[in-house]
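Here is a short briefing on one protein model.

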Amino acid sequence: MIVIRKISLAMRITLFAGVMAVVLSALLAVVIMLVIHRLSTDALTARIRNASARVVAKVQHEEQLEFRDAEALEVQVVDRRGQVVASTAVLRDKPRMARFVPSQKHNLTTTVCDGVFGAGSCHIVVGQVAHRTGEDWTVYVASPRIPWWVTPWLVAVVGGSAAVLAAAVTLLGRRIATVSLRPVAAILRELDEINATCPQGRVPVPAGSDEIHDLASTINETLTRLQGAMEHQRRCISDISHDLRNPITAMRAEMEDAMLAVPDTMTRAGNAVLCSLDRLEEIVCDLLLIAKLDADTFCAKAPVDLAEMADAECVMHRHATKKLVCDSEPDVVVLGDRLHLCRLLTNLLANAERHAEEEIKIAVSHEESCDHDRFPHGVAVLEVTDDGQGIAPDKRELVFQRFARLDAARDKDAGGTGLGLAIARQIAEAHGGTLRIEDSDRGARFVLRLPRHR
């Protein structure tokens, strides 16, 4: 098995085709030889019977029994007493060639070995009854049995043809395997170039609709996703570097100023450093939470009343700079992790507060669903809407990517991390729900849908 694994696939196919071609060609040659042998034997038997009929006619007409030329056949005529009265020259003065006695109406054909024919020699013998002078005589006509190979030249022709056929099938199998696997070799070469240079390249897709065509198409789709992931990773690294560099630079500048200034400025420098540290801590906490969400490390789920949670947030933000309006239906309960759901709502409110002009609205309701497998007891809906500029439809999915922040958001507020909405969507999906941005008359409208608890 280890040796087979070291052989190339084309060579394996060639070996398999060669072995099968040899086996099938040998079987075909054997069948042909058997058929030819049977036909030759039948033809010889018919010739012996015809010769026997002629000898019987000669005996019955009481002609002189002399067999100078019996068509290379051996003939014996035996009288009623079992004495050989006439024979060909080869069997002269020899006993009868066979002991069987045919019936008066039918001749009898059998194979006789050894005896008068010599050791190891077998003949086909036809026996027939002839009437002469009121007695029943027996006529025996024999010929050497045809060997299985019939003639040497026939063996050479059939064997040579079988060998040529096996070689042709083997070469054809190798040709087909090589041509079929040629696109695979091209794909491998292109993949090596892609790995060595950049992910922008794509493997060649062969014509047709076979498995190799599907493989090449799947590889290109995978490379496209890989390229997108690499570009997203580069953007993430750039954004993280930018977001972490700003507070670090600010802390360094404040500390350098404090070292050069009078001691009274230490308090101001400390406050500035603490603000930068708060932002760094927020980024680190968001990254840790994302790591936990990726690892799917959730606490035990319990019933959570979304209306109660939304009302609590409204109470906590009653002194905020933006007006917060709550509109909640009672008994909208879901099954989930309360801390994570609170974090989801907090992130949505933080995003809305950065972009709202004057008012933020929280609405909790429930609705029926046609997807009874996913939402067997209906859908719990939580909406957070602001009255800001809104988000363009082609950017609505972009804001849910990690470290993705629109240019307008960066210009308006440099304190965001670009992780809040990504964390919110990941929490929603971990609870079997969805989080999307839907159309609204003004501003952005984030809609959370979760399976409603019984």
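How many bridges join S9 to strand S10, and do they run parallel or antiparallel? The count is 8, and the two strands run antiparallel. The model is predicted.

**Strand pairing**
- Strand S9 covers residues 359-367, and S10 covers residues 379-386.
- Ser328 has Val364 in S9 as its bridge partner.

**Helix contact**
- Two packed helices are described by the angle and the distance between their axes.
- Helix H7 spans residues 338-355, and helix H9 spans residues 420-430.
- Their axes come within 9 Å and cross at roughly 145°.
- The crossing of H7 and H9 is left-handed.
- H7 contributes His340, Leu341, Arg343, Leu344, Asn347, Leu348 and Asn351 to the contact.
- H9 meets them with Gly420, Leu421, Ile423, Ala424, Ile427 and Ala428.
- By class, the contact residues of H7 and H9 are 8 nonpolar, 4 polar and 1 charged.

- Rolling a probe the size of a water molecule over the atoms shows where empty space is left.
- The structure holds 1 cavity of 30 Å³ or more.
- The largest cavity contains about 50 Å³ of space.
- Its lining consists of His317, Ala320, Lys322, Leu324, Leu349, Glu353 and Ile360.
- The lining of the largest cavity divides into 4 nonpolar, 1 polar and 2 charged residues.

Note on methods. Residues numbered from 1 in each chain as written. Predicted model: local features only at pLDDT ≥ 70, side-chain atom pairs only at ≥ 80, totals over all residues. Heavy atoms only, no water. Axes fitted to C-alpha atoms, helices over the stretch in contact; angles between N-to-C directions. Helix = DSSP H or I, 4+ residues; strand = E, 2+ residues; numbered from the N terminus. Left-handed = near helix turned anticlockwise from the far one by under 90°. Contact = heavy atoms within 4.5 Å. Nonpolar A, V, L, I, M, F, W, Y, C, P; charged D, E, K, R; others polar. 1 Å grid on protein atoms, 1.4 Å probe; cavity = no way out; pocket = protein on both sides within 12 Å on 5 of 7 lines; lining within 4 Å. Points joined across faces, edges and corners; volume = space filled by probe spheres on them. Pairing = 2+ DSSP bridges.
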